[in-house]
Amino acid sequence: MDLDGILSDPAIRTVVCCGAGGVGKTTTAAALALRAAEKHGRRTVVLTIDPARRLAQSLGLTELDNVPRKVSGASGELHAMMLDMKRTFDEVVLTHTDPKRAEEIFANPFYQAMSSTFAGTQEYMAMEKLGQLRARDEWDLIIVDTPPSRSALDFLDAPARLGRFLDGRMLRMLLAPARAGGRSVFSLVSASFSIVGKTVTKILGTQLLADLSGFVSALDSMFGGFRERAEQTYRVLQDRETAFLLVAAPEPDAIREAAYFAGRLAADRMPLAGLVLNRVTTVSAPAIGSAGARAAADETSAPLSDLLLIHAELAEQAERQAEVASRFSTEFPEVPVATAAAQPADIHDIDGLRRIGDEIC
Amino acid sequence: MWNVADNKRGAGWPARLHVVTGKGGTGKTTVAAALAIALATGGRRTLLVEVEGRQGVAQLFGLAPLPYEERRVTGTADGGEVRALAVDAEEALLEYLDLFYKLGMAGRALQKVGAVDFATTIAPGLRDVLLTGKVKEAVSRTKDGRRVYDAVVLDAPPTGRIGRFLNVTAETARLAKVGPIKTQSDGVAAILRSPMTSVHVVTLLEEMPVQETADAVAELSGLGIPIGRVIVNASRAPRLVGAKLTPAEVRRGLKEAGLPEDRETVAGLVAEGRAYQTRLEVESTLRAELGEIGRPVVELPALPGGMDRAGLDRLAEILLKAL
């Protein structure tokens, strides 16, 4: 895959790295950002979600403050930031409503629950932050590391889900009395809803409903803004300025997730640039097969027998990984693949990121 | 602590609940399945539950996606049985409503207007209460005066979300001060904090998973949720420990064994050996860090050939011995 071509292309302004958790997504995003800044002279910002502590430190990210900071160890213009989900949500609220209303919203227990734990809030806020970074037009290239979701699809679906939620029948029903100026949550809704209304009241209790109603009517003023942003975000992802990179390891789960995601991107007409395959086992002595090594290991003594067993296991693992990885390339032959070898030690400095960049590009 | 004796005590004792978490990619589903097999040994019956809609259990056993229904997925040679269940929050809610409110049509009406989706979206804690509530039900279910399951193994969300997932009371208490949701979450919380529950954290000997293991143990301990074991997955065999590799020696050995001994092969083998040694050093540092957590550690070997039923049985055997 021509990753250097992507990183140096002035027409590409956003690279989104996605994939299952535990496949080195953050490291890949950071390595690509470093390379874009150092090798291609692009003013680059990398938006990380939850980096390993030492990697974060090496990028100069000691606090979660939602502001891009220049990475001192890199030559060229590399900036990095860590997403603060709650703060980003608060900012969105403040943008769309007056300070008094915002205070009410912040104080509501439903807002507190939703802004910190809403399934998809992190994903939605990552996209929101991406939108903000793009709007500032300060960067040549924005590289986004996506959240370690239950499913890699969560962040794609988050904007739509939020839109659906805000448009939902349930929300409209709850809002009906508020909009009509009524006091009781369910007093003015239609007869067909009353059975549901009774049920909801029975299960949730009146205090909870009062809080909910307050939250929903407070949100009402921001609906338009929320939906518009959600749609904008989605369009940004379809933009030709955006390139998606799948990140995976040659393990069944990660490959299955990557394949699922590739299909989904195609269905949503989102531009998939390629697959970065991390943690690939490499065999340095291919002249000796695994069976031969195992047989010989039985006949010799340590340390050679140990060495031969290590080699045999490496060869077996490489073979299995190749089989697993081929499941992806059989399904998506047109998607280019870059590979990075498994590292004996973890990467947590700029030099390490540089080496990874050299390897995959 | 895992205690086989408790499992044998019969109807009077609620089944043990084993919650398995770990960073994504550490193999927690595999470990959860192996544990469910281990606990089924001796003609017992266990339930393996997944809650994240990933269908990881079905994939592991090479089955079609599991419905919201308890199904036998495998057995042990001595007559034990492992059943599996993929819990779906929406189905769990409807079942719950039916059970406690005899809702019938009204429940379906709720689903139709998107109330379920709405409720679990606006109050994500509610989703977790439903999921853990279903697990609680399975743990305490009896039939003819006997427990249906000797043990329940929960393939739980990853370490990053486990505290929130298990701390159901706090999440829902913010929203529901009284009423049935409060009662339900209190019931779940009581089970999760009782000695019948044990949370095991799966890790690899890699920096991030070890860090997250320490964080999760600290978080869960703070919440008063009992921690079981730290389970190291895919641990390497101690090979070439302290050995000095010289190319000349390796070449001589290869020649004696009748294997290729060209310069590239020798250099390649030596490089592989040194990388292995480096990895072992990193692992031993991380192992020491895990030791500092202060929980018993079980190590499961790496299976270079990939995971199959024989592999699962091997892991189950090791887990059983560690019980």
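Which residue stands opposite B:Val152 in S7(B)? B:Leu17 does.

## Basis

This is a predicted model, in which local features need pLDDT of at least 70, side-chain atom pairs count only at pLDDT 80 or more, and totals for chains, interfaces and linings use all residues. Residues are numbered from 1 along each chain as its sequence is written, chains are lettered from A and ligands numbered from 1 in the order in which they are written, and side-chain values use heavy atoms, with hydrogens and water left out.

## Strand S7 of chain B

Strand S7 of chain B covers residues 151-155; strands are DSSP runs (E, at least two residues), numbered from the N terminus. Five of its five residues are buried, so S7(B) is largely enclosed by the rest of the structure. Buried means under 20% relative accessible area (1.4 Å probe, protein chains only). One side of S7(B) carries B:Ala151, B:Val153 and B:Asp155, the other B:Val152 and B:Leu154, and both faces are covered.

## Pairing

Strand S1 (residues 16-22) of chain B runs parallel to S7(B), joined by five bridges. Strand S2 (residues 45-50) of chain B is also parallel to S7(B), again with five bridges. Two strands pair if DSSP finds at least two bridges between them. In S2, B:Leu47 stands opposite B:Val152.

## B:Asp150

B:Asp150 is in the loop between strand S6 (146-147) and S7 of chain B. It counts as buried because its relative accessibility is 15%. A polar atom of the B:Asp150 side chain lies 2.8 Å from the backbone nitrogen of B:Arg45. The C-alpha atoms of B:Asp150 and B:Leu47 are separated by 8.3 Å, and the two residues are 103 apart along the chain.

How values were computed. Buried < 20%, exposed > 50% of the residue type's maximum accessible area, 1.4 Å probe, protein only. Helix = DSSP H or I, 4+ residues; strand = E, 2+ residues; numbered from the N terminus. Polar contact = N/O pair within 3.5 Å; in protein donor to acceptor, adjacent residues only side chain to side chain.
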